[in-house]
Amino acid sequence: QENIEVENSKREEFVVPIISEKMTEGAEVLFPGTKLELLISGARNTLALRKTITEDSKGDSVSGMIGYTTEDAWGETSRIGTLAVVTTAELKENAPSRCTLLGFIRFNVVEVMNENEFPLARIVLYTDDALIESESENLNDAQESGESRGSNANGGLGTMIREVLRLMIKVEKPSNRSLQILKDTQVLVDLLSEYSLSYELLTQLKKLNFQATDQYLCELLSFIGCNLLELSFMQRNAILESTNTKQRSMIAQEIIAPKIKELAAKAAVQDVLG
């Protein structure tokens, strides 16, 4: 864990491996701060995934960063994607490979370079609009205290996310894979609520010359909140492209509140029935 109190550096262009999944084949939008399980098919996408994973001196797998984008029903590739690290991977030669991505920051595609043996993209980082000082202070308070407009008696966004995750684990009895993702999300939310970030993600941000501010951490928390909502592909894509941290946080709070009540009622029934 490491506290972060630094400013964003000047943004640059970067070249990264990129994979693009089709909405018509069940692709989902990946938010920063969240995990997504994928079945990767196609030789070029699989090779891009392989090139992302290397081994350290001990023979352990080490993930670099990979860009993830989606194509809509009309075959248009989104210009806004999410940089991610590969947290798990099962690479196969003659069958779809399985992997789990952890998104950590968005990017804007400048150019896709398809002439390579696997897809590469030239990108620039894409973050929320800067808040004025008073807005930033109010947003930071709202994440935990719930004092801003759009919050409620359940507390701020960080508190609400922790509660809904706890109830989802208790009530919905998720599969082992889903359970692990929920638990990993709990760990990340706890870090963000303390304005900290994991060493793994700090390392990736350092490669991008990006030093995270408090607003960036609030940005991640707002995406985690929105990821708990039942949204269509187009709604998720619109949220991915949005640049207002405060508005996104308020949307998440307003919709998570009734979900907490619903899950709490189910949990109470389970407790009575044993």
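The model is predicted. The protein has eight helices and eight strands. Of its 274 residues, 48% count as buried.

**Overall picture**
- The protein exposes about 13700 Å². Carbon and sulfur atoms supply 49% of that area.
- Among contacts between residues at least 6 apart in sequence, 70% join residues at least 24 apart.

**Strand β5**
- Strand β5 covers residues 65-71. Seven of its seven residues are buried, so the strand counts as mostly covered.
- In a regular strand, side chains alternate between the two faces of the sheet.
- In β5, Met65, Gly67, Thr69 and Glu71 point one way. Ile66, Tyr68 and Thr70 point the other way. Residues of both sets are buried.

**Partners of β5**
- Strand β1, residues 13-22, pairs with β5 in the parallel sense. Five bridges make up this pairing.
- Within β5, threonine 70 stands opposite glutamate 21.
- Strand β6, residues 80-90, pairs with β5 in the antiparallel sense. Here there are four bridges.
- Isoleucine 66 has alanine 84 in β6 as its bridge partner.

**Threonine 34**
- Threonine 34 sits in the loop between β1 and β2, the latter being residues 35-40.
- Is threonine 34 buried or exposed? Its relative accessibility is 4%. The cut-off for buried is under 20%, so threonine 34 counts as buried.
- A polar atom of the threonine 34 side chain lies 2.7 Å from the backbone oxygen of phenylalanine 31.
- Aspartate 184 is 150 residues away from threonine 34 along the chain. Their C-alpha atoms are separated by 9.2 Å.

**A nonpolar surface patch**
- Val269, Val272 and Leu273 form a nonpolar patch on the surface. Together they have about 350 Å² of accessible area.
- Valine 269 belongs to helix α8, residues 245-273.
- How exposed is valine 269, and why is it classed that way? Its relative accessible area is 47%. That value falls between the 20% and 50% cut-offs, so valine 269 is partly exposed.

Technical notes
Residues are numbered from 1 along each chain as its sequence is written. This is a predicted model: local features need pLDDT of at least 70, side-chain atom pairs count only at pLDDT 80 or more; totals for chains, interfaces and linings use all residues. Side-chain values use heavy atoms; hydrogens and water are left out. Buried means under 20% relative accessible area, exposed over 50%, partly exposed in between (1.4 Å probe, protein chains only). Helices (H or I, at least four residues) and strands (E, at least two) are DSSP runs, numbered from the N terminus. Two strands pair if DSSP finds at least two bridges between them. A polar contact is a pair of N or O atoms within 3.5 Å; within protein, one must be able to donate a hydrogen and the other to accept it, and residues adjacent in sequence count only if both atoms are side-chain atoms. Patches are made of residues with over 30% relative accessible area and no salt bridge: like charges are joined within 9 Å, nonpolar side chains (Val, Leu, Ile, Met, Phe, Trp, Tyr) within 5 Å. Accessible areas come from the Shrake-Rupley method with a 1.4 Å probe; for residues, only the protein chains shown count as cover. A salt bridge is a side-chain nitrogen of Lys or Arg within 4 Å of a carboxyl oxygen of Asp or Glu. Contact means heavy atoms within 4.5 Å.
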